[in-house]
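Welcome! Have a look at the structure below, and then we can walk through some of its helices together.

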Amino acid sequence: MEDLRRRFPAPAADLAAAEALVGAILDFVGRDRLLAAHPAYRQGDWFAKVVSAATLHLRASSEGASDWCEALDAYEGRHAVPLMTIHKCKGLEYHTVIFVGLDDGAWWSFRSDQIEGTAGFFVAFTRAKQRVIFTYCAQRGDRTMIAALYKLLKAAGVQQLPQK
């Protein structure tokens, strides 16, 4: 580890530096160990794609960073707002959850399986520790197919603000 600190004292100044650092990390950890621990990486060129994406992300995160702490905070998205699907948020918690577009278009599968749709809705809804905000745009879609979700929210006393 000391060798990495000595060889890379500052964030990657260019793509070549990011490639060298990622290569050194892979040498340190062991490519074979990574491939053994994560079978998906052995499929086709998936490992090469992941390495390439990590390298590009490291380079972008290093841009403008004054030190490694700043670069790694950017790499991890420490001060970013995570955007994800309902399925990706399972098991996670956030202070605030914002549903962007609670309408028929975004919830198109609700009509074919209301039980599964309602379960998915509650998975996302229960990720919030403090607050949930729902957005709706009348120009984007209707709310007739998902009226049952709005009925649940109303019955729970969820405040609805007037549309602007």
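I25 sits in helix α2; helices here are DSSP runs of H or I with at least four residues, strands are E runs of at least two, and both are numbered from the N terminus. This is a predicted model, in which local features need pLDDT of at least 70 and side-chain atom pairs count only at pLDDT 80 or more, while totals for chains, interfaces and linings use all residues. Residues are numbered from 1 along each chain as its sequence is written, and side-chain values use heavy atoms, leaving out hydrogens and water.

Buried means under 20% relative accessible area, exposed means over 50%, and partly exposed lies in between (1.4 Å probe, protein chains only). Together, I25, F28 and V29 make a nonpolar surface patch of about 250 Å².

## Helix α4

Helix α4 covers residues 46-62, which is 17 residues. The expected span is 1.5 Å times one less than the number of residues.

Which residues of α4 are buried? They are F47, T55, L58, R59, S61 and S62. Because they cover an arc of only 165° around the axis, they lie on the same side of α4; the arc is that of the directions from the helix axis to the C-beta atoms. These buried residues pack against α2 (15-29), α3 (31-37) and α5 (68-76), where contact means heavy atoms within 4.5 Å.

K49 is also in helix α4, and K49 is partly exposed, with a relative accessible area of 48%. K49 and H79 are 30 residues apart along the chain, and their C-alpha atoms are separated by 26 Å. After α4 comes G64, which has a positive phi, near 80°.

## Helix α7

Now for another helix. In α7 (residues 147-155), the buried residues are L149, Y150 and L153. Looking down the axis of α7, these residues fall within an arc of 95°, so they line one face of the helix. K151, K154 and A155 are exposed on the other side of α7.

What do the buried residues of α7 pack against? Their partners are α6 (114-125) and β2 (128-134). Just after α7, G157 has a positive phi of about 85°.

Terms used: Patch = residues over 30% accessible without salt bridge, like charges linked within 9 Å, V, L, I, M, F, W, Y side chains within 5 Å. Areas by Shrake-Rupley, 256 points an atom, 1.4 Å probe, with all protein chains shown as cover. Salt bridge = Lys/Arg side-chain N within 4 Å of Asp/Glu carboxyl O.
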